[in-house]
Amino acid sequence: MSQVCTGEGFSTRNIGGAYNRLLMQPRRPTRQVTLGDDRVGRVRIGGGLFGTTPAPVSVQTMTTGYTHEIDKCVAEINRLTAAGADVVRVAVPEKKDTDALRHIIAQVRVPIVADVHFHFKRALEAVEAGVHKIRLNPGNIQDRAQVIEVIRACKERGVPIRVGVNEGSIIERKDKQKRLKELGAFFHDNKRGYLLAIMIAKLEEYLDIFYEQDFYDIVISAKSMDVPTVVDAYSEISKRFDHPLHLGVTHAGPKETGCIRSVVALGALLAGGVGDTLRISYASDSVYEVEDGLELLYSLGLRERKGAELIACPTCGRIQVDLIALVQEVRRTVQSKVDLPMKLAVMGCIVNGPGEAEGADVAVFAGDRRGIIYVQGEKVANVPEEEILGKLLEECLKFQEKVRRGEAKLGDKKVEIIPPDPIGELGSGWEKIAQQQSQEKGKQQATPLTVGKS
Ligand code: SF4
């Protein structure tokens, strides 16, 4: 039966029957975990249960260099922090890495997570060094007594633990067939069911050890390189545990392809209300992981944007300046110097330029090797191509100051833009287009109709 809008009490969530699930869902309430301290700052993950307020979804990343190379590691962490990382994880495969942690933590301004595999002693050493969170992998630290020792050390110091299962390390190969038989039927209607069953069973067994120790400062992750598995695993886990979830696609590949893989999986989960912190993983500079993680959250409206939102046309045969180069330059120079979340539009010609300029706080659209710049709908400049970048930066910074002084407001549209006289203001670029169009029109008219002539 179709829904009728009666005004009061009507909710968009009633629209669309089975398609309801396509709508953005509210965040799933979870327990809350806090990491960090007064010096590096505190990051809250998840929330909504037990009187807590849900924290914004945080962005994590991981260093790519050796942790024991202290200066390099500190420099990398500082670069990642400057890019906007809320939390940074480091690998601690050897004692020299946990030995380095104390010196690293003292020099950075972001909570640090120690990524522990195989050696439970590394976890104890990291806690002793003052790390802010531990990641344990149930696939390779399984000895109950050792896990209890780590839990007790973390409990004593108030250090949360992420229990991170990974598709690649979760399957205990020696009893794989038996586990599949025991657990597979549970997800019989799901082709990834066996793997999911193993991941969830492993988590349940592992977390029981934590609960027995009365330890609930837990974040869970269940990563795979396969997007549908990631979506299914986290969806299933979100129904079974009330701990915050750390989202990620593991081994996603280089940025170029890993970006699609990560964003499609994490985007689907976040839109469904699932996920409290995330790491996008690329086989490249981790700064990209931070930038893309933040952009994903901004795009979904899950984080307040820091810095300008860049809108740019995809370019086409009507292009009037070297827009692709201009957009890259704007991204590199202008966008990085603007702190406020202003909308900044860079458009290649008059077709969509005025429309975008109307909606953006600052906009430039191109004429024949020129740029016409608007600030909140008011034309402020018409400059040759080589001066566009400088002028745009100047206008953005001027506008930013006005907003800070309270003389302007982001998103305010002052006047409606009347498209400029294409020939008078934009020059021969538009004229050329107009000529071309009239030639094409002339050709069409001159072409005799062939229909019915045979
Ligand atoms: S704004 Fe102009 S150049 Fe850019 S895509 Fe649209 S029509 Fe093409």
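Analyst: The axes of helix H1 and helix H10 (residues 286–299) come within 9 Å and cross at roughly 20°, which makes H1 roughly parallel to H10 (angles under 35 degrees count as roughly parallel, over 145 as roughly antiparallel, 65 to 115 as roughly perpendicular and the rest as oblique). This is a predicted model, in which local features need pLDDT of at least 70 and side-chain atom pairs count only at pLDDT 80 or more, while totals for chains, interfaces and linings use all residues. Residues are numbered from 1 along each chain as its sequence is written.

Helices are DSSP runs of H or I with at least four residues, numbered from the N terminus; axes are lines fitted to C-alpha atoms over the stretch in contact, with angles from 0 to 180 degrees between N-to-C directions. H1 passes H10 in a right-handed crossing (the near helix is turned clockwise from the far one by less than a right angle). Here Arg79, Leu80 and Ala83 of H1 meet Ser286, Val287, Val290 and Glu291 of H10, contact requiring backbone-placed C-beta atoms within 7 Å. These residues comprise 4 nonpolar, 1 polar and 2 charged (Ala, Val, Leu, Ile, Met, Phe, Trp, Tyr, Cys and Pro are nonpolar, Asp, Glu, Lys and Arg charged, and the others, Gly among them, polar).

H1, spanning residues 70–83, also packs against H2 (residues 95–107), at about 40° and with axes 10 Å apart, and the two are therefore oblique to each other. This crossing is right-handed, and Ile70, Cys73, Val74 and Ile77 of H1 contact Ala100, His103, Ile104 and Gln107 of H2, a set with 6 nonpolar, 2 polar and no charged residues.

Definitions and conventions: Two residues are in contact if their C-beta atoms, placed from the backbone, lie within 7 Å.
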